[in-house]
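Hi,

Here is the structure I promised to pass on.

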Amino acid sequence: MRLLILAAALLVAACNPTLNWREVRAEPTTLSLLLPCKPDRGARTVPFAGRDTELTMLGCDAGNATFAVAHAEIADPARAPEVVAQWKVATLAHLRGRVSGEQPQTVAGAAAAVPPVRTTATGQRANGKPVQSQAMYFTQGRRVFQAVVYADTLAPEATDTFFASLRFK
């Protein structure tokens, strides 16, 4: 009987993968993406290009990693390159991190004004422990976006799935 219960428990665990990918939309935008878990949503006000701007976030934790997308509508789309540059600097400062690589990416439907680049960085969490991250910044219209993964150790198959799924519909 114990063997049967153990076998049933192993079967249930095998059917419950750590990364349970699902398609979600970063509302109210048309950005579609895959997340490996049920996302939480939130918003906060941040300074972008000299103005307080609402930043909307969508993300979740799975497989010892945090997967998230954040976006904000800016008043002047011509300032998108400036906003993205500020956002990159702020993210690295928060991580107390440094960039270890950059790779051009494609996001279907993204504006050409800010070509998507996937940035790999290493830094520290708030508790001082090391963290790795990959982030990508891109725009569409008056919206700026950040897609990011934070983990103790990045798993290429998970980060590749996440970033390759980004597209505007």
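Below are my notes on the fold, the sheet, the aromatic pairs and the cores.

A few ground rules first. This is a predicted model, so local features need pLDDT of at least 70 and side-chain atom pairs count only at pLDDT 80 or more, while totals for chains, interfaces and linings use all residues. Residues are numbered from 1 along each chain as its sequence is written, and side-chain values use heavy atoms, with hydrogens and water left out.

On confidence: pLDDT is the predictor's confidence in each residue, from 0 to 100. The chain averages 89, and 90% of its residues reach 70 or more. The part to treat with care is residues 1-16, where pLDDT stays under 50.

Now the fold. There are three helices and ten strands, taken as DSSP runs numbered from the N terminus (helices are H or I, at least four residues; strands are E, at least two). From the N terminus on, the order is α-β-β-β-β-β-α-β-β-β-β-α-β.

Seven of the strands make an open antiparallel sheet, in the order E3-E4-E5-E9-E8-E7-E6; two strands pair if DSSP finds at least two bridges between them. Its edges are E3 (40-48) and E6 (98-104), each pairing on one side only. On average, neighbouring strands are turned by 20° against each other, direction ignored. Angles here run from 0 to 180 degrees between N-to-C directions, with axes fitted to C-alpha atoms (for helices, over the stretch in contact).

Within the sheet, E5 (residues 65-73) and E9 (residues 143-151) run antiparallel and are joined by nine bridges. One of the partners is Ala-65, which bridges to Ala-151 in E9.

Next, the aromatics. A search of the whole structure gives eight pairs, where rings of Phe, Tyr and Trp (its six-membered ring) pair if their centres lie within 6.5 Å; planes under 30 degrees apart are stacked, over 60 edge-to-face and the rest tilted. Trp-21 and Phe-67 have ring centres 5.8 Å apart and planes at 80°, so they are edge-to-face. They sit 46 residues apart, with Trp-21 in the loop between H1 and E1 and Phe-67 in E5. Trp-21 is partly exposed at 26% relative accessible area, whereas Phe-67 is buried at 1% (buried is under 20%, exposed over 50%, partly exposed in between, with a 1.4 Å probe and protein chains only). Ring pairs also link Trp-21 and Phe-67 with Phe-162 and Phe-163 into a cluster.

Finally, the cores. A nonpolar core is a set of buried Ala, Val, Leu, Ile, Met, Phe, Trp, Tyr and Cys residues joined through side-chain atoms within 4.5 Å. The largest has 25 residues, and Leu-33, Val-69 and Phe-162 are among those with the most contacts inside it. E9 gives the most to this core, with four residues. Another core of 17 residues lies apart from it, including Val-46 and Trp-87.

Cheers

Methods
Contact = heavy atoms within 4.5 Å.
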